[in-house]
Amino acid sequence: MDLARCLSVFHYTPKFIIPPFRQQTTPKPNFTTISANHAKISTSRMATVKARGGAAEAETAVVEKLKLTKRFEVSEGHPAPFGATLRDGGVNFAIYSANAVSATLCLSTLSDLQQNRVTERISLDPLTCKTGDVWHVFLKGDFKDMLYGYIFDGQFSPEKGHYYDSSKILLDPYGKAVISRAEFGALGPEDNCWPQMACMVPTSEDQFDWEGDLPLRYPQRDLIVYEMHVRGFTRHESSRTEFPGTYHGVVEKLDHLKELGVNCIELMPCHEFNELEYYSYNSVLGDYKLNFWGYSTVNYFSPMIRYSSAGIDNCGHAAINEFKHLVKEAHKRGIEVFMDVVFNHTAEGNEKGPILSFRGVDNSVYYMLAPKGEYYNYSGCGNTFNCNHPVVRQFILDCLRYWVTEMHVDGFRFDLASIMTRSSSLWDSVNVYGNPLEGNLITTGTPLSSPPLIDMLSNDPVLRGVKLIAEAWDTGGLYQVGTFPHWGIWSEWNGKYRDIVRQFIKGTDRFAGAFAECLCGSPNLYQEGGRKPWNSVNFVCAHDGFSLADLVTYNNKHNLANGEDNNDGESHNNSWNCGQEGEFASISVKKLRKRQMRNFFLCLMVSQGVPMICMGDEYGHTKGGNNNTYCHDNYINYFHWDKKEESSSDFFRFCCLMTKFRRECESLGLNDFPTAERLQWHGHTPEMPDWSDTSRFVAFTLPVPSPDKGGGLP
């Protein structure tokens, strides 16, 4: 993720319209009776029973039977599992909040939510509905079209790390679907960019026919990964899909990916996010800027509802099933599904950002904070998720398990994963470390050699069966390509591969040797640590940065369409325009550009490691030299199916042949690094490689491997 894409989320003030309800800051020992729409789980006043036999008097609490509301039978519930869970003919609600003094469960029908009304409020008695730091309640009743959220009260003291505000109805971090607006890019009531959101309540009707779907479990060395954007893939009118820009739209075009020869898709963020976060008029293009990429998560369990053709139908149940349908259909075609996940920061931003969920539930737990409450900003986006806090790391583990077990996802790419290796805030050393710390403290944000979160994920019995890929850097200066804590299973986006390959192919001196290392799977990075070539995910282009066509067309970024005077985006792209800047060029320059594109794609396919293709590169998609297209929900980011058809006899055909060659060549995708006794390098003359500073030519031969020789397949 580029720092350049992390604009401030505070171009405007979010508007929340909350029903008038002010909760007392201090809980009362004796709660009031239940009104039709405001229930409290109540206990009677403490009755005193005097024990005459001793010096002290004992008191016994006499608890009334729990009450009925207009809609629900209410009891104290259970502290586990977190979230809203079907059990015993009802729904159990459980949520962690250590620092809140009161909690209220708010239930709304879909129609009431759209009119900013709460249908039922149920206040939780800390005597009966709190176990440790977990608030819980159990309800039986009619949950049809019902949604929920929480109100927490406590200190509003940013300097102490607390942002409790009883006027805010908060999302449950464990909510399985988030409901607000139905249509991508559409404003809420009164042009509100942040209308009230709520979580789906599970029902017994939540069923999906997986048709016996099972994980494909390809060896990682055999993967050819395709990074793609769900909406951008089919939103262009030339896709001619029934449901453009949706999960169903992707399903309609899976056969294209099968033809291309990829066997794994890596979906850019599909967790719930607010595309209106950057909403502002763009005078350059005459449209509105949106958060198109989605690297700003609102909820980690919910799929992006507005990527679903069903929208908010059935309170999100239909959207969940649509995502499952995508996974199932991909598996039928032999394609694994990875998710790009963003556990480094959330959409709540810095202290000026909205209170949506984590901040209002327990800010000092979920975020990495300085002693006076300031947010650490290793993400470049305003806050940093407190990943190695025990509660937060359990949350992340639970989330990933859910996507594997319930949604059948095959792997994850972790955005700015180096943040997950940094030490957590020392707000509560007893809670984090088991005892008060004395002497040399671990400074908040210090990189850890054995991060507790990475340890948990690496050794979890569920996650051991899926692929885990780290973007091994962050915007705080931590760069761990080749050194990310791995436990033998983590792979990395190999940013050094990208930089070296670009330099060599564009003709920079002194890169022939480094280029040869890349072809071998970067043993200089991964061999000493005990890893394999497939721990390197090789790429030349990704969503952020130039497309492959632009890499050979532009020397400089051309980001004026972003409305920031070309000040955003990376300025050092290691690109070469082949002699003329821009698309309008001579025939000879265009021929050279096509040859360069073939060089890059060929390099990807013959390198040891796992190749990753960026969506659209297979037909030469151009973004007009824009290398930071985070804000464009338009032709700049859309896959142009008409252009793909035009190039079907040219570059697309070449790409298909190269992926086929890689799949069929046993010498590619080795399980170990090729050894000198089998690998022969060549220059312009066979067996005479040229490693001079000015070398522009590298060739090699690698015989078909055999089990008894180094560098062979197992």
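The protein has 16 helices and 27 strands, where helices (H or I, at least four residues) and strands (E, at least two) are DSSP runs numbered from the N terminus. This is a predicted model, in which local features need pLDDT of at least 70 and side-chain atom pairs count only at pLDDT 80 or more, while totals for chains, interfaces and linings use all residues. Residues are numbered from 1 along each chain as its sequence is written, and side-chain values use heavy atoms, with hydrogens and water left out.

Me: What share of the residues in the protein is buried?
Reply: A residue is called buried under 20% relative accessible area, exposed over 50% and partly exposed in between, with a 1.4 Å probe and protein chains only. Among the 714 residues of the protein, the buried share comes to 60%.

Me: Among contacts between residues at least 6 apart in sequence, what percentage joins residues at least 24 apart?
Reply: A contact means that heavy atoms lie within 4.5 Å of each other. Of the contacts in the protein between residues at least 6 apart in sequence, the part that joins residues at least 24 apart is 73%.

Me: Which residue of E20 is the bridge partner of Glu266?
Reply: In strand E15 (residues 264–267), Cys264 and Glu266 point one way while Ile265 and Leu267 point the other way, and all of these are buried. On one pairing of E15, with strand E14 (residues 225–228), there are four bridges in the parallel sense, and Tyr226 stands opposite Ile265. E15 also pairs with strand E20 (residues 336–341) in the parallel sense over four bridges, and there the partner of Glu266 is Phe338.

Me: Which residue of E22 does Phe414 stand opposite?
Reply: Strand E21 (residues 411–414) and strand E22 (residues 467–470) pair in the parallel sense over four bridges. In E22, the residue opposite Phe414 is Ala470.

Me: Why does H10 count as oblique to H11?
Reply: Helix H10 (residues 495–506) and helix H11 (residues 512–519) pack at an angle of about 130 degrees, with their axes 9 Å apart. Angles under 35 degrees count as roughly parallel, over 145 as roughly antiparallel, 65 to 115 as roughly perpendicular and the rest as oblique. The angle of about 130 degrees therefore makes the relation of H10 to H11 oblique.

Me: Is the crossing of H7 and H9 left-handed or right-handed?
Reply: The axes of helix H7 (residues 390–405) and helix H9 (residues 452–459) come within 10 Å and cross at roughly 30 degrees, which means that H7 is roughly parallel to H9. A crossing is left-handed if the near helix is turned anticlockwise from the far one by less than a right angle, and right-handed if clockwise. The contact includes Leu397 and Leu400 of H7 and Met456 and Leu457 of H9, and the crossing is right-handed.

Me: Is Arg510 buried or exposed?
Reply: Arg510 lies in the loop between H10 and H11, and its phi is near 65 degrees, a positive value in a residue other than glycine. Because its relative accessibility is 61%, Arg510 counts as exposed.

Me: How many disulfides does the structure hold?
Reply: A disulfide is a pair of cysteine sulfur atoms within 2.5 Å. The sulfur of Cys655 is 6.9 Å from the closest cysteine sulfur, which is in Cys656, so the two are too far apart for a bond. Cys655 is also buried, with a relative accessible area of 0%, and the number of disulfides in the structure is zero.

Definitions and conventions. Pairing = 2+ DSSP bridges. Axes fitted to C-alpha atoms, helices over the stretch in contact; angles between N-to-C directions.
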